[in-house]
Amino acid sequence: GNRFIAEYVEKQGGQAIIVPTVVDTNIFSPIKKNNEIPILGWIGTHSTFPLLQSIFPVLEELTLKYKFVLKVVGSGEKNVEIKGVTVENLPWKMERETEDFQSLDIGLYPITTSDSAVNEWILGKSGFKAIQYMAVGTPFVVTPIGVCAEMGEENITHLTATSKREWYTALEKLLADKNLRERLGMTARQHSLETYTVKKQVEILAKTFRKVSKIDL
């Protein structure tokens with residue numbers, strides 16, 4: 001899924017070929033958004049929800065100056081509350097997944113180490129959320145750690161942030177500039193079509209299967 005896993009495999013004496021996670025870009029595609037109030041969003045699981053919580057103070061500060069809705073999908077929590085922030089908290093559902101990604105004006109992808117997210121685990125992640133954001137043309141802010149530091153092009157397909165101040169600055173840029181959101185979204189979609197499509201990666205996977213099938217065991 002990424003070079004960090006590949007390097008681990010190779011250190012153990014194995015061979016590795018990287019085939020990144022992809023989505024069907026015919027299904028994960030952009031739509032015209034007419035949200036009167038910008039929607040910031042995060043779609044994940046209960047195990048990664050603490051990563052989103054790490055930027056709650058930033059969102060609380062931003063709401064003093066900007067009006068937005070925070071859409072949280074898959075947190076596993078009955079209630080998600082941030083002072084001053086309007087939160088839409090939804091359970092994850094497969095049949096609604098594409099629609100949820102398409103609805104967002106700005107995607108959130110914070111990553112931080114914790115007791116449940118050690119550095120090795122983070123380096124093993126595939127960056128799937130970034131791939132989904134790019135496919136639907138949603139501009140996003142991501143912590144540049146592991147494979148997420150290597151996906152897309154910073155300031156062209158997305159913005160990056162590590163500290164809380166950097167998160168505030170990046171999100172403020174996107175909230176204040178609709179044209180910037182649209183520009184990043186378009187280039188993110190194009191990057192997705194050039195890199196993270198089923199057609200492109202299935203050829204690598206098929207070639208790998210053909211090579212392995214010829215090895216004498």
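Which residues does Thr 157 touch, not counting residues up to four places away in sequence? I started my notebook with that one, keeping in mind that this is a predicted model.

**Entry 1: Thr 157 and its loop**

I looked up the contacts and found Met 134, Phe 140, Gly 152, Leu 184, Thr 187, Ala 188 and His 191, leaving out residues up to four places away in sequence. Thr 157 sits in the loop between β5 and β6. I then checked how covered Thr 157 is: its relative accessible area is 1%, and the cut-off for buried is under 20%, so Thr 157 counts as buried.

I stayed in the loop between β5 and β6 for Asn 155. Its phi is positive, about 70°, although Asn 155 is not a glycine. I noted beside it that most residues other than glycine have a negative phi.

**Entry 2: the sheet**

Next I traced the strands. There is an open sheet of six strands, in the order β3-β2-β1-β4-β5-β6, and the pairing is parallel. Which strands are at the edges? They are β3 (86–90) and β6 (159–160), each of which pairs on one side only.

I went through some of the pairs. β2 and β3 run parallel and share five bridges; Val 72 has Asn 89 in β3 as its bridge partner. β1 and β2 are also parallel, again with five bridges, and here Gly 41 is partnered by Lys 71 in β2. β1 and β4 are parallel too, joined by two bridges.

**Entry 3: β1, buried or exposed?**

I checked β1 residue by residue. Five of its five residues are buried, so I wrote the strand down as mostly covered. In a regular strand the side chains alternate between the two faces of the sheet. For β1 I found Ile 39, Gly 41 and Ile 43 on one side, with Leu 40 and Trp 42 on the other, and both faces are covered.

**Entry 4: helix α6**

How many of the eight residues of α6 are buried? I got seven for this helix, residues 128–135, so α6 is largely enclosed by the rest of the structure. The buried ones are Lys 129, Ala 130, Ile 131, Gln 132, Tyr 133, Met 134 and Ala 135. They pack against β1 (39–43), α4 (97–102), β4 (106–109), β5 (140–142) and α8 (178–195).

I also looked at how α6 is laid on the sheet. It lies across β1, β4 and β5, and runs at about 170° to β4. After α6 comes Gly 137, with a positive phi near 70°.

**Entry 5: α7 and α8**

α7 packs on the sheet as well, touching β1, β4, β5 and β6, and its direction makes about 165° with that of β4. Then I compared α7 with α8. Their axes come within 5 Å and cross at roughly 100°, so the two helices are roughly perpendicular to each other. Where do they meet? Lys 173, Leu 174, Leu 175 and Ala 176 in α7 are in contact with Lys 178, Leu 180, Arg 181 and Leu 184 in α8. I sorted the residues of this contact into five nonpolar, no polar and three charged.

**Entry 6: the cores**

I finished with the nonpolar residues. The largest nonpolar core has 29 of them, and Leu 40, Leu 59, Leu 62, Leu 108 and Leu 171 have the most contacts inside it. The elements giving two or more residues to this core are β1, α2 (49–53), α3 (56–62), β2 (69–73), β4, α7 (164–176) and α8. Which element gives the most? It is α7, with six residues.

Apart from its neighbours within four places in sequence, its contacts include Leu 40, Trp 42, Leu 52, Ile 55, Leu 70, Tyr 133, Val 141, Trp 167 and Leu 171. There is also a second, separate core of 26 residues, with Val 23, Ala 130, Val 142 and Val 147 among them.

**Entry 7: one more loop**

Last, I looked up Ser 103, in the loop between α4 and β4. Ser 103 is buried, at a relative accessible area of 15%. Setting aside residues up to four places away in sequence, Ser 103 touches Lys 33, Asn 35, Ile 39 and Lys 71.

How values were computed
Residues are numbered from 1 along each chain as its sequence is written. This is a predicted model: local features need pLDDT of at least 70, side-chain atom pairs count only at pLDDT 80 or more; totals for chains, interfaces and linings use all residues. Side-chain values use heavy atoms; hydrogens and water are left out. Buried means under 20% relative accessible area, exposed over 50%, partly exposed in between (1.4 Å probe, protein chains only). Helices (H or I, at least four residues) and strands (E, at least two) are DSSP runs, numbered from the N terminus. Contact means heavy atoms within 4.5 Å. A nonpolar core is a set of buried Ala, Val, Leu, Ile, Met, Phe, Trp, Tyr and Cys residues joined through side-chain atoms within 4.5 Å. Two strands pair if DSSP finds at least two bridges between them. Axes are lines fitted to C-alpha atoms, for helices over the stretch in contact, and angles run from 0 to 180 degrees between N-to-C directions. Angles under 35 degrees count as roughly parallel, over 145 as roughly antiparallel, 65 to 115 as roughly perpendicular and the rest as oblique. Ala, Val, Leu, Ile, Met, Phe, Trp, Tyr, Cys and Pro count as nonpolar, Asp, Glu, Lys and Arg as charged, and the others, Gly among them, as polar.
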